[in-house]
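Here is a short briefing for a first look at this model. Start with the charged side chains, then turn to a pocket.

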Amino acid sequence: MIALRRHLDRWLFRVGPPETAPIVLGQRRIFVLPTPAGLAFATALLVMLIASINYNLSLGYALVFLLGGVSVASIVHAFRNLLHLSFTPGRAEPVFAGERASFHIVVANHRPARRPALRLTARGTVVPFEIGAGDSADLIVPAVTAGRGWMALGRVRIETTYPLGLIRAWSVLVPEQRCLVYPAPEPTPPPLPEGASRNLGRRTGSAGDDDFAGLRTHQPADSPRHVAWKTLARGGPMLTKQFSGMDGGEIHLDWSTLPAELGTEARLSRMTAWIVAAGQRGLAFSLALPDVRIATGRGSEHSANCLRRLALFGTDAADA
């Protein structure tokens, strides 16, 4: 069924592989058909025409032809409401599996006329919008994620029933846009592997030992001397003082050290939770997978690189 629909899309709507930006709607890409209300309107006009012919009503003829002319004019207005619209995919920030991804699409109107009553449909979500003359709109299409890896936006439909709701004009496009989905973190992971707590909270002996750098969440391995007792006494959470010369610890996340009974997805989920925890605590860590090793590092970019490797583990897009 899916293959048949793709074949029909390619043949009828000229929809093929993802298109490079910007995607501009030309005349051959816009299709027009009556809506249910339009069909009912046409039926009513036909009945009025038959009655006018039967009773030879001149005013009846005039009314039928007047309303028919208005309906034909609405076809042109609906068509022009989509003509030459430009679509450019925006950025889709990575998310964890089970979270909601947000695809950004920038729709530009280069015509000196307003484009009202537009609707964009993608992944079962309908986004109504309108664009002013010579303006653009940044649309956000939410989509629920399931598995890890790349998730493409896929087939997008843009449509309008402007101005009377009698005619529906629409077009189909496939923007070249995708979102990276990380594995879902394990809800209750075990503590970080040994090595994170051996040096955690010790001084490095550098010149900045006495420079207070801020507070962070207290960990069981932290020294009691570094606990922010004043904050705790005021009813606040238990926090640990950080100094510019304090060593944040270093851990090594190794695929081979995980329990043998864990499956692939469970291993990825646990390592994801560990990477998130290490990033929140400011720890330096390295990552070893069966197909790649990432050297020790810290920071958001290092965490994102490791999470990307986990998301694409075992796929052909691992190096994409």
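A salt bridge is a side-chain nitrogen of Lys or Arg within 4 Å of a carboxyl oxygen of Asp or Glu. This predicted model holds eight salt bridges.

**Salt bridges**
- Glu19 and Arg29 pair through their side chains, with N to O at 2.6 Å. Glu19 sits in the loop between α1 and β1, and Arg29 in the loop between β1 and β2. Arg29 counts as buried because its relative accessibility is 16%, under the 20% cut-off.
- Glu265 and Arg148 form a salt bridge at 3.1 Å, N to O. Glu265 is in helix α5 and Arg148 in the loop between β8 and β9, so the pair ties together parts 117 residues apart in sequence. Glu265 is partly exposed, at 46% relative accessibility. Arg148 is partly exposed too, at 23%.
- Glu186 and Arg270 meet at 2.8 Å, N to O. Glu186 lies in the loop between β12 and β13, 84 residues from Arg270 in helix α5. Both residues are buried.
- A network of salt bridges links Arg119, Arg157, Glu159 and Arg168.

**A buried arginine without a salt bridge**
- Arg267 lies in helix α5. Arg267 is buried but has no salt bridge; Glu261, the nearest side chain of opposite charge, is 7.2 Å away.
- A polar atom of the Arg267 side chain lies 3.1 Å from the backbone oxygen of Pro259.
- Arg267 also touches other residues, including Trp255, Leu258 and Leu262.

**The second largest pocket**
- This pocket holds about 190 Å³ of space.
- Its lining has 13 residues; Arg91, Ala92, Pro94, Trp150 and Leu180 lie nearest the centre.
- Helix α6 gives the most to the lining, with four residues.

Terms used
Residues are numbered from 1 along each chain as its sequence is written. This is a predicted model: local features need pLDDT of at least 70, side-chain atom pairs count only at pLDDT 80 or more; totals for chains, interfaces and linings use all residues. Side-chain values use heavy atoms; hydrogens and water are left out. Helices (H or I, at least four residues) and strands (E, at least two) are DSSP runs, numbered from the N terminus. Buried means under 20% relative accessible area, exposed over 50%, partly exposed in between (1.4 Å probe, protein chains only). Lys and Arg count as positive and Asp and Glu as negative; His and the chain ends are not counted. A polar contact is a pair of N or O atoms within 3.5 Å; within protein, one must be able to donate a hydrogen and the other to accept it, and residues adjacent in sequence count only if both atoms are side-chain atoms. Contact means heavy atoms within 4.5 Å. On a 1 Å grid over the protein atoms alone, a cavity is a set of points where a 1.4 Å probe fits but cannot get out, and a pocket is an open set with protein on both sides within 12 Å along at least five of seven lines; lining residues have an atom within 4 Å of a point. Grid points are joined across faces, edges and corners, and a volume is the space filled by probe spheres set on the points. Lists of a residue's contacts leave out its neighbours within four places in sequence.
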